[in-house]
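Hello,

Here is the structure I promised to send over.

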Amino acid sequence: MAIHITGDEVADQVLTDDPFALLVGMMLDQQYPMEHAFRGPAKVLERFGTLDPARIAAADPEEFAALCATPPAIHRFPGSMAARLQELARLVSEDHDGDASRLWTQASDGRDLLKRIMALPGFGKQKAQIFVALLAKQLDVRPEGWETAVGDYALEGHRSVADVVDEGSLQKVRDFKKQKKAAAKAGS
């Protein structure tokens with residue numbers, strides 16, 4: 001299955017081909033437009049030459065941060081995200097033999113998968129739920145109980161990046177998020 005989140009064929013191909021890239025894109029999806037966040041792994045690949053977690057983890061932190069900050073930067077906060085990316089790479093390298101897909105292929109069930117993702121830097125419960133939903137909806141990674149683990153993100157609709165498959169669905173997710181924010185603001 002092919003990922004279509006960024007609106008950029010090359011960036012989407014990187015996400016499709018490399019499980020670590022998809023994980024990194026999700027990590028970067030914070031206080032930054034989602035399609036730009038998910039383009040981050042392609043930028044790192046182009047500039048650094050690889051998305052190998054061991055090589056990223058071993059990179060000089062200052063040089064790696066500068067690479068991530070080069071316009072267009074991988075995130076609106078490139079320095080802190082470069083450090084978080086190196087920590088994520090270190091964990092994937094050390095705990096999963098450099099294979100990010102082991103996070104989901106070796107999970108015993110949906111709850112275990114959610115727990116594994118939540119243990120990563122930059123992944124709180126909601127972001128982890130969205131990532132598990134993205135794996136289920138777009139890559140057909142559906143361990144038993146994944147729907148319960150992700151809650152409403154398992155439902156049909158346009159709630160999150162898990163539901164983005166093209167430009168039209170991206171806009172529907174944006175509209176949904178805008179409505180949720182407006183409702184929350186009206187209720188406070």
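**Salt bridges in the model**

Glutamate 87 and arginine 90 form a salt bridge through their side chains, with an N to O distance of 2.6 Å. Please keep in mind that this is a predicted model. Both residues sit in helix α7 (residues 78–95), where being 3 residues apart separates them by about one helical turn. Glutamate 87 is partly exposed at 30% relative accessibility, and arginine 90 is partly exposed with a relative accessible area of 30%. The pair also belongs to a network of salt bridges that links Glu87, Arg90 and Glu94.

In total, the structure has 8 salt bridges. Another one of them joins the side chains of glutamate 35 and arginine 174, at 2.5 Å from N to O. Glutamate 35 belongs to helix α3 (residues 34–37) and arginine 174 to helix α12 (residues 167–187), so this pair ties together parts 139 residues apart in sequence. Glutamate 35 counts as buried, at 11% relative accessibility, whereas arginine 174 counts as partly exposed, at 32%.

Aspartate 163 and lysine 137 are a further pair, their side chains meeting in a salt bridge of 2.5 Å, N to O. Aspartate 163 is in the loop between α11 (146–150) and α12, while lysine 137 is in helix α10 (residues 125–139), so the bridge ties together parts that lie 26 residues apart in sequence. Is aspartate 163 buried or exposed? With a relative accessible area of 9%, aspartate 163 is buried, because the cut-off for that label is under 20%.

Best wishes

Definitions and conventions
Residues numbered from 1 in each chain as written. Predicted model: local features only at pLDDT ≥ 70, side-chain atom pairs only at ≥ 80, totals over all residues. Heavy atoms only, no water. Salt bridge = Lys/Arg side-chain N within 4 Å of Asp/Glu carboxyl O. Helix = DSSP H or I, 4+ residues; strand = E, 2+ residues; numbered from the N terminus. Buried < 20%, exposed > 50% of the residue type's maximum accessible area, 1.4 Å probe, protein only.
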